[in-house]
Amino acid sequence: MSAAGSLQGRVLIVAGSDSGGGAGIQADIKTVTALGAYAMTAITALTAQDTNGVAGVVGVDPAFIAQQMRMVLDDIGADALKTGMLHNAAVIETVAAVAREKAQGIPLVVDPVMYAKGGHPLLEAAAITALKARLLPIAAVVTPNIPEAEAIAGMTIRTVADMRAAARAIVGFGPQAVLLKGGHMEDRDVTDILVHGETVEEMTHPRIETRHTHGTGCTLASALAAGLAQGLALRAAVIRARAYVLEAIRTAPGFGHGHGPLNHAHTVAPFEG
Ligand SMILES: Nc1ncnc2c1ncn2[C@@H]1O[C@H](COP(=O)(O)OP(=O)(O)OP(=O)(O)O)[C@@H](O)[C@H]1O
Ligand SMILES: [Mg+2]
């Protein structure tokens, strides 16, 4: 890949801010940077949040979200887009419209964020219809966790076989691929399911016993977007993204009293001057 110090791949992140720095825009920028790509942002909402939970949310006007996207797409351009917290149906409609207008042919990673790690809802219930109708059809890959996959597919997931069935059902809404994340299951290993065209693949690694998993989903989706922006094929981008997240969990700094953040900087050597 690129020589040390040079950036390769431009990623536009459309997501919400996490004041705690562990998830959302902050996790996305750190991840994209740590993988050697260039991060740009269109901020959809501000959250007042720490490792214990979300205390407040202020949404950004959809027209202003669109303006952020258009400005950077027209000037800098992007090699991949990633969406995270989109708040409500109006935001989803707007983001999908700008992506169609300005980012055709650029791979779009949709992380269909519905709840924060502590359970706080981050997407209005009525917006799931808009997500299915507007965003999933234009996604290169969608990355639901278990509760999100249950809501999109309209089924309960208890086993890995259920995960496979739900992932196939979600492909039916039009994305080119689905990566269904198994972090919320309770098995000894963590299994993610990748459905790409006719291929269904289980990707498994040992579960790390830890409470420091704040932002794992945002981090995975951004790592995936960075890989696609750098020209990796989908499967290779997923493999690198999972490995990056696993190491970030393993080396988590242990900050905060709740679900603590990951170590996004495990690829980064401090600059000695
Ligand atoms: N305890 C763990 N040990 C190892 N890998 C994990 C663990 N928890 C999550 N992962 C991995 O992290 C990635 C994200 O999965 P997860 O299901 O946690 O997403 P999420 O629920 O969207 O996260 P978030 O709550 O941050 O939105 C997956 O690749 C999953 O395999
Ligand atoms: Mg998530």
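## Handedness first

A helix crossing is called left-handed when the near helix is turned anticlockwise from the far one by less than a right angle. That is the case here for α5 and α6. Keep in mind that this is a predicted model.

## How α5 and α6 pack

Two packed helices are described by the angle between their axes and the distance between the axes. For α5 (residues 146-153) and α6 (residues 160-171), the axes come within 9 Å and cross at roughly 55°. The pair is therefore oblique.

On the α5 side, the residues making contact are Ala149, Glu150, Ile152 and Ala153, and they meet Ala166, Ala169 and Ile170 of α6. Sorted by class, that contact has six nonpolar residues, one charged and no polar ones.

## Around ligand 1

Ligand 1 has 22 residues around it, and the closest are Asn145, Lys181, Gly183, Thr216 and Gly217. By class, the shell splits into nine polar, eight nonpolar and five charged residues.

Which elements each supply at least two residues of that shell? Strand β8 (189-196) does, and so do helices α7 (216-229) and α8 (234-250).

## Helix α1 under cover

Now to α1 (residues 24-34), a mostly covered helix with ten of its eleven residues buried. Among the buried ones are Asp28 and Lys30, along with Ile25, Ile29 and Val32.

The cover over these buried residues includes strands β1 (10-18), β2 (38-49) and β4 (80-83), plus helix α7, which also supplies residues to the shell around ligand 1. After α1 comes Gly36, with a positive phi near 85°.

Conventions. Residues are numbered from 1 along each chain as its sequence is written. Chains are lettered from A and ligands numbered from 1 in the order in which they are written. This is a predicted model: local features need pLDDT of at least 70, side-chain atom pairs count only at pLDDT 80 or more; totals for chains, interfaces and linings use all residues. A residue is near a molecule or strand if its C-beta atom, placed from the backbone, lies within 6 Å of it. Helices (H or I, at least four residues) and strands (E, at least two) are DSSP runs, numbered from the N terminus. Ala, Val, Leu, Ile, Met, Phe, Trp, Tyr, Cys and Pro count as nonpolar, Asp, Glu, Lys and Arg as charged, and the others, Gly among them, as polar. Axes are lines fitted to C-alpha atoms, for helices over the stretch in contact, and angles run from 0 to 180 degrees between N-to-C directions. Angles under 35 degrees count as roughly parallel, over 145 as roughly antiparallel, 65 to 115 as roughly perpendicular and the rest as oblique. Two residues are in contact if their C-beta atoms, placed from the backbone, lie within 7 Å. A residue is buried if 20 or more other C-beta atoms lie within 10 Å of its own, exposed if 12 or fewer, and partly exposed in between; C-beta atoms are placed from the backbone.
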